[in-house]
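User: I would like to go through this structure with you by way of a few questions.

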There are 2 protein chains.
Amino acid sequence: MASLDSVLACLDLNLDRSVDRLKDLLRIPSISTDPAYAADCRRAAEWLAGDLSAIGFAAEVRDTAGRPMVVAHHDGPEGAPHVLFYGHYDVQPVDPLELWEADPFAPELKTMPDGSQRITGRGSADDKGQLMTFVEACRAFIAETGSLPCRVTIFLEGEEESGSPSLLPFLDANREELTADVALICDTNMWDKDTPAISTGLRGLVGEEVVIHAANQDLHSGYFGGAAANPIRVLSKVLADLHDETGRVTLPGFYDGVDELPDEVKTIWNNLGFDAAAFLGSVGLSVPAGEQGRSVLEQVWARPTAEINGIEGGYTGKGFKTVIASEAKAKVSFRLVFRQDPAKIREAFRQFVRERLPADCTAEFHEHGGSPAIQLPFDSPLLDTARQALSDEWPKPAVMIGMGGSIPVVGEFKRRLGMDSLLIGFGLGDDRIHSPNEKYELSSFRYGQRSWARILHALGTRNAR
Amino acid sequence: MASLDSVLACLDLNLDRSVDRLKDLLRIPSISTDPAYAADCRRAAEWLAGDLSAIGFAAEVRDTAGRPMVVAHHDGPEGAPHVLFYGHYDVQPVDPLELWEADPFAPELKTMPDGSQRITGRGSADDKGQLMTFVEACRAFIAETGSLPCRVTIFLEGEEESGSPSLLPFLDANREELTADVALICDTNMWDKDTPAISTGLRGLVGEEVVIHAANQDLHSGYFGGAAANPIRVLSKVLADLHDETGRVTLPGFYDGVDELPDEVKTIWNNLGFDAAAFLGSVGLSVPAGEQGRSVLEQVWARPTAEINGIEGGYTGKGFKTVIASEAKAKVSFRLVFRQDPAKIREAFRQFVRERLPADCTAEFHEHGGSPAIQLPFDSPLLDTARQALSDEWPKPAVMIGMGGSIPVVGEFKRRLGMDSLLIGFGLGDDRIHSPNEKYELSSFRYGQRSWARILHALGTRNAR
């Protein structure tokens, strides 16, 4: 434990410098979904590879058809396990910009009225702040002990926020290099600010864009209104039909492969002391809007959804324009659970739209990624080890929870590389990821670094036994 | 008739110069709905007042709270009628700009493969080209005879495309000055390129914008999807509910004051030889999408509508963003017929939305203008005079038709000034007004000028009898 103690002390001593490094990374606007920021994505990748090289990793920026990957290797002791750490350096777009209190790419360390401190800016929590907790733990280990307690591969992608189009070819092309004993992923939340969490289930995701076309030009609603098909009306009808009165999704076959939650899991979740009113209240809501007869935790962790993420058609500027648009479009996503099949659900949606097209209307579809849900075994020994290490660091013991979000890479690691993932993150529910004014608590950053030091140490020690 | 013949000859002789003048006016991007073009609107008003002054009118640009008005007066012979000519110098926005073949504000006189010529650009048909037909007729009359056959007031507004917010106060404040024996309005279409038309009925219009609010911030659809209200889904449901399966509008009380068409009018319209397939086919459609059991002419001239003119919410940029938006909005308009009450329909819509709001959702409304429909008497002597004058100019006799569009000023002239309007325009159905690549046929421009010369002459002669 002497080496762990000195590593933890080193982390505490260098906290300010680690914040400065994170701020450097946060200043790079690495928005992956918008091609205008491609060069910034590359800059972020190069910044990370440079930092990892500086602390002793063999680090490279690797080109793909899209944004580049960062792959870095560091040896560990003979017989120690090989862990792959995964994170992503790309970030979400920042619109609506006018709702940000400050430039999203001018990060600050802010002290709040209650004395807590936070790092602000796009990517501070999702995922730059999180991935740097692991990098800082490695830096301190190498500084204090000259090496790492495990063999470590760090694998950072730059398209997580835009459907990871290059991930699968890259995994396939570099299978051997990237396959480790276990993957460590830092892109999730704590249960609360005192209670670390390991996520054992994640919802999958199907992203679709549908464009409804009607007339071959925009029409004047005076001349044509009453006779011409209106694609916004057609689209509204399709989208309104996606749910029934009880909040269930109406796509045929949608619930194929969706299990009811086992009673024992229900009990665990009921004992978490989850405050649904506070969860909804934190964003100005009060009533669960999803499937009737389900708890909020079930709705967001174990039930599938259909959401409209964006819609656009006709005149949306200032004032008014009496136009019948020639097209209308929507971005729609489905969160998947258990064994729902992304391909079948995508096709069911397309068929659902086609069946609702009136005369003269056509539909065009664009695929925006898809991945099945994953569910980790509750009885894994690696899970036990990590849970104990986390419980040693934080005020309360670590809990095992579900996850509403989708991290496609977890399913691909399992399917393509046969590798389980431990999802351990230090985000909080009010971090406003994907929203204006994203932040990461300094406590998440600091104790996250210390947590990884403990986990690396425990994994190394465990195997050395 | 000698004076009329010389005026017509003068118009023919000066056609090229009249096209150049129209092009000068079309180069001014007088988009009234977007405040960024306010100065351009003023430039257009000043250009017109300058041109009218140059030909002998007492012309002024008059300020309003919004875009300015142009008012110009010219005396006529003792005992001749006083006519008020109304047009508008403002134009629609030009988006989507990428669909224009040329700069919307760089007008050209283009010769088509069939030898016909057209004037291109935003406003060429709606309404700058149309209003200049009347100005050119006046110019030629004054040039050839030293005066005009009627007393003429020209009244041009700059907010017709944005709900005419300043029109009512201006009419009320200048009632005496603007009240004439009849209004002449040139903002409508011909029946076809050989057949002039006088519109005797116009639909009214109610413009509304609705914004649905849910959470107090944009949410991540992974964390909140399944539990949080989605305002796009709420909005889609409201909009989908606006029509029933037969295409009827479902707002309670919507059809109050809507008459069935008299049989004699149905007969007239049936005899027009209207080609519904060609009308729809011209814009890439084939099947009337409106109320079942109504002819297309009835649908667009004599039936009310509910149209969604624009919709926007969530992420609509490139790629994908798994967001649940905090708000979604739509611009909705209703075309009114007969005695439908705009205020009642606006309130019925707002009530309809409010009744469909789930918990945690609120609706915000913005009014974008409203006017009732108008229906002119078929037996007016002025109508007969104008009809005969038009029939003398064009290959086929003038017909009396309905109008699907709304020209609110017509109702206000009647209600506030007690003045009937003759709606005579030379636009064609393929002029693409409100759409990319708007144009005005040179034949519309040329024979429109000659038509006004004949009408002014006939109105002056008729009263002199």
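User: What percentage of the residues in chain A is buried?

Analyst: This is a predicted model, in which local features need pLDDT of at least 70, side-chain atom pairs count only at pLDDT 80 or more, and totals for chains, interfaces and linings use all residues. Residues are numbered from 1 along each chain as its sequence is written, while chains are lettered from A and ligands numbered from 1 in the order in which they are written. A residue counts as buried if 20 or more other C-beta atoms, placed from the backbone, lie within 10 Å of its own. Of the 465 residues in chain A, the buried share is 57%.

User: What is the radius of gyration of chain A, against the value for a compact globule?

Analyst: The radius is taken over C-alpha atoms, and the globule rule is 2.2 Å times the number of residues to the power 0.38. For 465 residues a compact globule would come near 23 Å, which agrees with the value for chain A, 23 Å.

User: How many residues of helix α8 of chain A are buried?

Analyst: Helices (H or I, at least four residues) and strands (E, at least two) are DSSP runs, numbered from the N terminus. Helix α8 of chain A spans residues 231–240 and is mostly covered; among its buried residues are A:R233 and A:L239. Of its 10 residues, the number buried is eight.

User: Which strand of chain B pairs with β13(B) over 10 bridges?

Analyst: Two strands pair if DSSP finds at least two bridges between them. β11(B) pairs with β13(B) in the antiparallel sense over eight bridges. The antiparallel pairing over 10 bridges is made by β9 (residues 204–213) of chain B.

How values were computed. A residue is buried if 20 or more other C-beta atoms lie within 10 Å of its own, exposed if 12 or fewer, and partly exposed in between; C-beta atoms are placed from the backbone.
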